[in-house]
Amino acid sequence: MERFFGNLQLLAVSLLCAGLSTAPAVVAFSEDENMLVVENAWSPQSPPGVSVVAGYLSAINISKNSITVTGLSSPAYQTVEIHRSLIENGVASMVEVKSLLINPGERIEFSPGGLHLMLINRKQTNTPAKFLPIKLHLDSGGFISFVLDVVPKHMRPSVNSEAHDHSVHMHHGS
Amino acid sequence: MVRARITILGLVVLSIFFSAVATSADKTVTVDPPQLLSDFNLKDQYGNAFGIEQFKGRWSMVFVGFTACPDVCPTTLSNLEAVRAEMGFRMSPGRIPNIVFLAVDPDRDTTRLKAYMSYFHPQYIGITGAGSEIDKLVKGLDAFYRLEQKDPSDTNYNVVHTATVSIISPEAKVVAKINPPFHPHQTGEYLMRVINKQMSLLKEKS
């Protein structure tokens, strides 16, 4: 019971913070009680003919336990991965993040020029073009689902590639 | 005691100020003397020839990228547009550099380039062509790229590429380089200084 109220307090604080930003926040949870507040989840409308598109969001772990994301899927894309863009010595590259740990209370930013979702090869589905459902696969065996809003390019939120959260705990893939 | 504290505070403020100046200076490089590009033979998104002549008579900023780039390239193109918008407040349109996107992955880029460029801005120019011709321009820009295709059946490969943007003068010379995150105000201010200086030098020459 105490744990439940603890979670509610965290949730209230998170929603208050979320209320200060422009996009709505949702609480996404798995059957095994892992909970994330997902804010500002969006994907730029992909340029024509391009098979790879990025997804961005803020995720706050409001559970008492840490959450480890070990995989992703979507009914709209064949493959969904987490990648991080890196610019080192003036050269841009990307690394896949195979496993992402989010500690209790930690907020992780997926933002342009940094950590991002990568959606590869659009499937022929009935999924509405304006929304991309995403499912996070957790190491606990549970799943957390949420939706990315597809926004036209001119609606892109302002970007700041200096504002990355470097406190993210990651295990890079090879 | 109070004085000592004020001195320490002053030193801290000064050190923060100087480190900020050093950081912002690192993000821009003035190429002095400007480096003339060698000729190359590429095509723009409409199929028109694009070589050194097409750089002449206008200012350009060249970004090396590829159309299947989901994060860094669209972010850079949007940020450069913000820089152009900032410059638009205080500079005549003829001096604002246009964006030239050098697409270095011709197998995937050639057919997509026209739609890709118009998605970002009708005025942007996208150029690509044979690998050997791309390499000539890449060399002139002192840039770098590497296709990370594992085998010919691999269609979702990444391309490692220079994130630096080169500023090309109306004489087809590299005059400056700018680096991410392309803060609109700081980068715009720097480019206006560089461009106005070069334009007065050109006037003196003529």
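Let's start with one residue: Asn89(A) sits in the loop between strand 5 and strand 6 of chain A. Strands here are DSSP runs of E, at least two residues, and helices are runs of H or I, at least four, all numbered from the N terminus. Asn89(A) is not a glycine, yet its phi is positive, about 50°. Most residues other than glycine have a negative phi, and most peptide bonds are trans.

A word on the ground rules. This is a predicted model, where local features need pLDDT of at least 70, side-chain atom pairs count only at pLDDT 80 or more, and totals for chains, interfaces and linings use all residues. Residues are numbered from 1 along each chain as its sequence is written, chains are lettered from A in the order in which they are written, and side-chain values use heavy atoms, with hydrogens and water left out.

Now confidence. The model scores ipTM 0.78 and pTM 0.81. pLDDT is the predictor's confidence in each residue, from 0 to 100. Chain B averages 88, and 87% of its residues score at least 70. Residues 11-25 of chain B stay under 50. For that stretch the model has one contact (heavy atoms within 4.5 Å) beyond four places in sequence.

Next, the interface. Chain A brings 32 residues and chain B brings 26. Together they bury about 2300 Å², 60% of it on carbon and sulfur atoms. Buried area is the accessible area, with a 1.4 Å probe, that two parts lose on being put together, summed over both. On chain A, strands 3, 5, 6 and 8 each supply at least two residues of the side that touches chain B.

Strand 6 of chain A and strand 8 of chain B, residues 159-162, run antiparallel, joined by two bridges. Pairing needs at least two DSSP bridges. Ala92(A) has His161(B) as its bridge partner.

Inside chain B, eight strands form an open, mixed sheet in the order 1-10-9-4-5-6-2-3. Strands 1 and 3 are the edges, each pairing on one side only. Five bridges join strand 1 to strand 10, antiparallel. Thr30(B) stands opposite Ala176(B) there.

Last, two cis bonds. Asp32(B) to Pro33(B) is cis, omega near 0°, and Pro33(B) lies in strand 1. Pro180(B) and Pro181(B) are also joined by a cis bond, omega about 10°. Pro181(B) is in the loop between strand 10 and helix 6 of chain B.
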